[in-house]
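Good morning, and thank you for coming. I would ask you to look at the sequence and the structure on the screen while I speak.

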Amino acid sequence: MTEHAFKIVGARPTEEKRMPVKRKWYQGKPMISLGILAVIILGCLFAEVLMTKDPMYMDLMNYNKAPDGEFLFGTDTMGRDIFSMIWYGGRISLMIGVLSTVISTLIAVVIGAFSGVAPQWLDNLIMRFTEIFLSIPALLLVVLLQAILGKANILSLSVVIGITSWTSIAKVVRTEVRQIRNGEYVIASRCMGGKFFHILWNHLAPNFISSIMFMVIMNVRSAIISESTLSFMGIGLPIEVISWGSMLSLSEKALMTGSWWIILIPGTFLIVTLLCLTNVGNDLRKNVNRKESNL
């Protein structure tokens with residue numbers, strides 16, 4: 001029998017274990033979406049630097065003018081420069097999206113956390129109300145509440161959209177709070193006389209904030225869509241208040257005159273922004289799912 005008659009299988013004792021490869025922070029991230037979104041946000045924040053014309057000025061000598069050297073994106077049916085309107089109006093649309101999301105997130109966190117720590121009968125009551133509220137189409141509620149408030153403005157639209165889009169986040173917060181409400185640090189805080197909001201912001205919120213971040217990003221996207229839809233329907237911001245939605249409200253006149261740039265350019269900026277927000281939200285959701293699977 002030779003020395004090669006037997007073959008050792010399995011891990012060799014002297015073989016060194018492979019070290020896990022460290023991924024760089026940007027690997028797997030939607031860098032293109034983040035880059036485009038950053039450019040759009042910075043352009044809207046510093047609109048005065050980019051604007052070539054006064055977005056409010058109606059140049060009746062150059063209405064419905066196609067893009068050229070003077071008007072980079074053309075003019076609308078009232079002679080306003082679309083290039084300047086894009087950056088100025090984007091600021092309004094993003095402002096409504098962020099402000100309404102802040103309102104909806106605060107409502108969701110308070111109601112969801114209160115339901116999570118409440119007795120069983122009160123928790124069931126709050127959740128039934130939330131499910132009933134969730135079953136009503138959000139756009140229908142927005143239209144109804146905005147009709148009650150009267151003429152739309154930035155603040156009223158933000159409030160209306162915010163108080164109608166909190167339910168999904170509240171359900172997630174409630175689930176997370178019910179899992180951590182009996183933690184030692186929460187019980188200790190209660191024994192030391194900690195009030196509800198103290199426990200919420202110092203002990204509960206840090207544990208569920210990562211689970212709702214992707215929903216917060218998606219709420220920004222939904223708020224921008226709602227504002228654009230309402231303006232397109234003619235019940236959102238008035239035409240004199242420039243936003244991406246109010247710019248698209250001129251689409252009927254643009255179609256009749258063949259002015260494609262009035263619809264295409266604002267629509268492209270709106271769609272690209274929404275797609276970037278969707279990609280960022282999906283990446284946050286994947287990170288949360290990956291962390292939960294590793295626990």
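How many salt bridges does the count come to? Before I answer, a word on where the values come from. This is a predicted model, in which local features need pLDDT of at least 70 and side-chain atom pairs count only at pLDDT 80 or more, while totals for chains, interfaces and linings use all residues. Residues are numbered from 1 along each chain as its sequence is written, and side-chain values use heavy atoms, with hydrogens and water left out.

Now to the answer. A salt bridge is defined here as a side-chain nitrogen of Lys or Arg within 4 Å of a carboxyl oxygen of Asp or Glu. By this rule there are eight salt bridges. I shall come back to some of them after an overview of the chain.

The protein chain has 12 helices and zero strands. Helices (H or I, at least four residues) and strands (E, at least two) are DSSP runs, numbered from the N terminus. As for confidence, pLDDT is the predictor's own score for each residue, from 0 to 100. The protein chain averages 81, and 88% of its residues score at least 70.

Of the 295 residues, 42% count as buried. Buried means under 20% relative accessible area, exposed means over 50%, and partly exposed lies in between, with a 1.4 Å probe and protein chains only. The accessible surface of the chain comes to about 17300 Å², and 67% of that surface belongs to carbon and sulfur atoms. These areas come from the Shrake-Rupley method with a 1.4 Å probe; for residues, only the protein chains shown count as cover.

Let us turn to the interior. A nonpolar core is a set of buried Ala, Val, Leu, Ile, Met, Phe, Trp, Tyr and Cys residues joined through side-chain atoms within 4.5 Å. The largest such core has 28 residues, and Trp 87, Ile 224 and Met 247 are among those with the most contacts inside it. Helices H1 (31-45), H3 (82-117), H9 (196-233), H10 (244-248) and H12 (260-294) each supply at least two of its residues. The largest share, nine residues, comes from H12. A second, separate core has 20 residues, including Ala 108 and Leu 204.

Which residues does Met 247 touch, leaving aside its neighbours within four places in sequence? Taking contact to mean heavy atoms within 4.5 Å, Met 247 meets Ile 82, Met 85, Ile 86, Ile 242, Ile 262 and Pro 266. Across the chain, among contacts between residues at least 6 apart in sequence, 70% join residues at least 24 apart.

I return now to the salt bridges. Arg 178 pairs with Asp 123, and their closest N and O atoms are 3.3 Å apart. This pair links distant parts of the chain, since Arg 178 is in helix H7 (residues 167-180) and Asp 123 is in helix H4 (residues 120-135), 55 residues apart. Is Asp 123 buried or exposed? At 0% relative accessibility, Asp 123 is buried, whereas Arg 178, at 23%, is partly exposed. Salt bridges that share partners join Asp 123, Arg 174 and Arg 178 into one network.

Another pair is Glu 70 with Lys 53, at 3.1 Å from N to O. Both Glu 70 and Lys 53 lie in the loop between H2 and H3, so the pair ties together parts that are 17 residues apart in sequence. Glu 70 is partly exposed at 42%, and Lys 53 is partly exposed at 30%. A further salt bridge joins Asp 68 and Lys 65, at 3.4 Å from N to O.

The loop between H2 and H3 also holds Asn 64. Asn 64 has a positive phi of about 55°, although it is not a glycine. Most residues other than glycine have a negative phi.

Finally, the surface. Ile 41, Leu 42, Leu 45, Phe 46, Val 49 and Leu 50 make a nonpolar patch of about 570 Å². Patches are made of residues with over 30% relative accessible area and no salt bridge; like charges are joined within 9 Å, and nonpolar side chains (Val, Leu, Ile, Met, Phe, Trp, Tyr) within 5 Å. H1 gives the most to this patch, with three residues. Leu 42 is found in helix H1, and Leu 42 is partly exposed, with a relative accessible area of 47%.
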